[in-house]
Amino acid sequence: MAQIETSEGAFDAMPGVQYGVAMRPTRKNEDRFLVFAKPIKDLADGIVGVFDGHNGDGASEFLQLQLVPLLKKHAVSPKVDETGWATNINSILSNTFLKMDKTVRDVMACGSTCTVILLKQHGDKILVKVAWVGDSRVSVHDAQQTGYRNVSVDHRADNLDEQRRITQD
């Protein structure tokens, strides 16, 4: 039986925020994850990524290795808002996703979902930005709320809203 891959710890800039990841390798094992626990000035205090590979592990491995460098490249000298997020954070994420998608499609015969969570300390609160493509769901638990809530919508062809989005683009 394959050994379970695990990672756990705290984020450097947010010691009260801990993470834990466990992944059971399979025969094909096309999936990857990323925890970047060091702050990136004006971008995030921590980054978590999940990459569900399809038809091989090349795309998910590329995303795991290139996400943080590409985010840094697209976040050059951003202006920040009152919460500390770059005012163009959505553009930074979009440009990063578009660059990764183009690279994967140009050179690989495989693909991957890409789910990214940026975390930022703002006073006594932890702010979260989520970006995703594909059907890897993101749920969050808020200590002040009851239970978990989904913050992403699966990008799947059987989702009627997704069908409308695709046909309108």
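Helices here are DSSP runs of H or I with at least four residues, strands are runs of E with at least two, and both are numbered from the N terminus. Okay, with that out of the way, hi everyone.

What you see is a predicted model, where local features need pLDDT of at least 70 and side-chain atom pairs count only at pLDDT 80 or more, while totals for chains, interfaces and linings use all residues. Residues are numbered from 1 along each chain as its sequence is written, and side-chain values use heavy atoms, with hydrogens and water left out.

Let's start with charges. Side chains of opposite charge can pair when their charged atoms come close. I call it a salt bridge when a side-chain nitrogen of Lys or Arg sits within 4 Å of a carboxyl oxygen of Asp or Glu.

Take helix α2, residues 89–107. Arginine 105 and aspartate 101 form a salt bridge there, at 2.8 Å from N to O. These two are four residues apart in the helix, so about one helical turn separates them. Are they buried or exposed? Buried means under 20% relative accessible area, exposed means over 50%, and partly exposed is in between, using a 1.4 Å probe and protein chains only. Arginine 105 is exposed at 60%, and aspartate 101 is partly exposed at 37%.

Now look at arginine 32. Its side chain meets that of aspartate 57 in a salt bridge, 3.0 Å from N to O. This pair links distant parts of the chain: arginine 32 is in strand β3 (residues 31–36), and aspartate 57 is in the loop between β4 (46–54) and α1 (58–74), 25 residues apart. Glutamate 61 also has a salt bridge to arginine 32, at 3.2 Å from N to O. Arginine 32 is buried, with a relative accessible area of 14%. Aspartate 57 is partly exposed at 32%, and so is glutamate 61 at 33%.

On to the empty space. Rolling a probe the size of a water molecule over the atoms shows where empty space is left. On a 1 Å grid over the protein atoms alone, a pocket is an open set of points where a 1.4 Å probe fits, with protein on both sides within 12 Å along at least five of seven lines, and lining residues have an atom within 4 Å of a point.

The largest pocket has a volume of about 830 Å³, where volume is the space filled by probe spheres set on the points, and points are joined across faces, edges and corners. Its lining has 30 residues, and Ile117, Leu119, Val128, Val140 and His141 lie nearest the centre. Which strand gives the most to that lining? It's β2, with five residues.

The second largest pocket holds about 540 Å³. It is lined by 23 residues, with Phe97, Asp101, Ser112, Cys114 and Val133 nearest its centre. Helix α2 supplies the largest share of that lining, nine residues.
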